[in-house]
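This report describes one protein model. The sequence and structure are shown first, followed by a short account of selected features.

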Amino acid sequence: MASSSGSGTSSGSSGFQNSGSEEDLQHLMDQRKRKRMISNRESARRSRMRKQKHLDDLMAQVAQLRKENNQIITSMNVTTQQYLNVEAENSVLRAQVAELSHRLQSLNEIIEFLNVCTGGLAAEGSYGFGETADGFLNNSWNHLYLNQQQPLMPSANMLHY
């Protein structure tokens, strides 16, 4: 019996020892598990904070880009309005150039007609300011003719359109 109690004691003590080491092992595993869980929570918290910061940065960037976009749209609208104003002014100037060119052509035709009719006598100016040999020219036509020795030509800045 002694041998059996000795073996029982020894197995009992080793069972107790095993039980203690198993408890220690379990306690150690629980501590590691708890430590890992805390570490994971901290990591998740940091990840959420990084995500939130990234989201805040993106929202700030969206606000900045919207502001820039509105400024560009405003600038574009101003430029478009200026373009339309210049285009309207240009159209008016083109019409004026066309009208003045037509008037110039008419005046040159009148001068040519007067040259043909007077045979060049008015250019000599021998008949006084208001009359020619045939009495055809009145004061205003004679004045126009005497002051104009060559056909009228449009100036360079009249032709820019």
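Which backbone oxygen lies 2.7 Å from a polar atom of the side chain of threonine 118? It is the backbone oxygen of leucine 114.

## Basis of the model

The model is predicted; local features require pLDDT of at least 70 and side-chain atom pairs pLDDT 80 or more, while totals for chains, interfaces and linings use all residues. Residues are numbered from 1 along each chain as its sequence is written, and side-chain values use heavy atoms, with hydrogens and water left out.

## Overall architecture

The protein chain contains three helices and zero strands, in the order α-α-α along the sequence. Helices (H or I, at least four residues) and strands (E, at least two) are DSSP runs, numbered from the N terminus. Helix α1 covers residues 2-118.

Of the 161 residues, 9% count as buried. Buried denotes under 20% relative accessible area, exposed over 50%, and partly exposed the range in between (1.4 Å probe, protein chains only). Threonine 118, located in helix α1, counts as buried because its relative accessibility is 7%.

## Salt bridges

The count comes to three salt bridges, each defined as a side-chain nitrogen of Lys or Arg within 4 Å of a carboxyl oxygen of Asp or Glu. Glutamate 42 pairs with arginine 45 at 2.8 Å, N to O. These two residues are three apart in helix α1, and therefore separated by about one helical turn. Glutamate 42 is partly exposed at 32%, as is arginine 45 at 36%.

Lysine 53 and aspartate 57 form a salt bridge at 3.1 Å, N to O; they are four residues apart in helix α1, about one helical turn. Lysine 53 is exposed, with a relative accessible area of 52%, whereas aspartate 57 is partly exposed at 40%. A further salt bridge joins glutamate 99 to arginine 103 at 3.6 Å, N to O. Both residues lie in helix α1, four residues apart, and glutamate 99 is partly exposed at 42%.

## Surface patches

Leu25, Leu28 and Met29 make a nonpolar surface patch of about 270 Å². Patches consist of residues with over 30% relative accessible area and no salt bridge, like charges being joined within 9 Å and nonpolar side chains (Val, Leu, Ile, Met, Phe, Trp, Tyr) within 5 Å. Methionine 29 lies in helix α1 and counts as partly exposed because its relative accessibility is 46%.

Arg32, Lys33, Lys35 and Arg36 form a positive surface patch; Lys and Arg count as positive. Arginine 36 belongs to helix α1.

Conventions
Areas by Shrake-Rupley, 256 points an atom, 1.4 Å probe, with all protein chains shown as cover. Charge placed at Lys NZ, Arg CZ, Asp CG, Glu CD. Polar contact = N/O pair within 3.5 Å; in protein donor to acceptor, adjacent residues only side chain to side chain.
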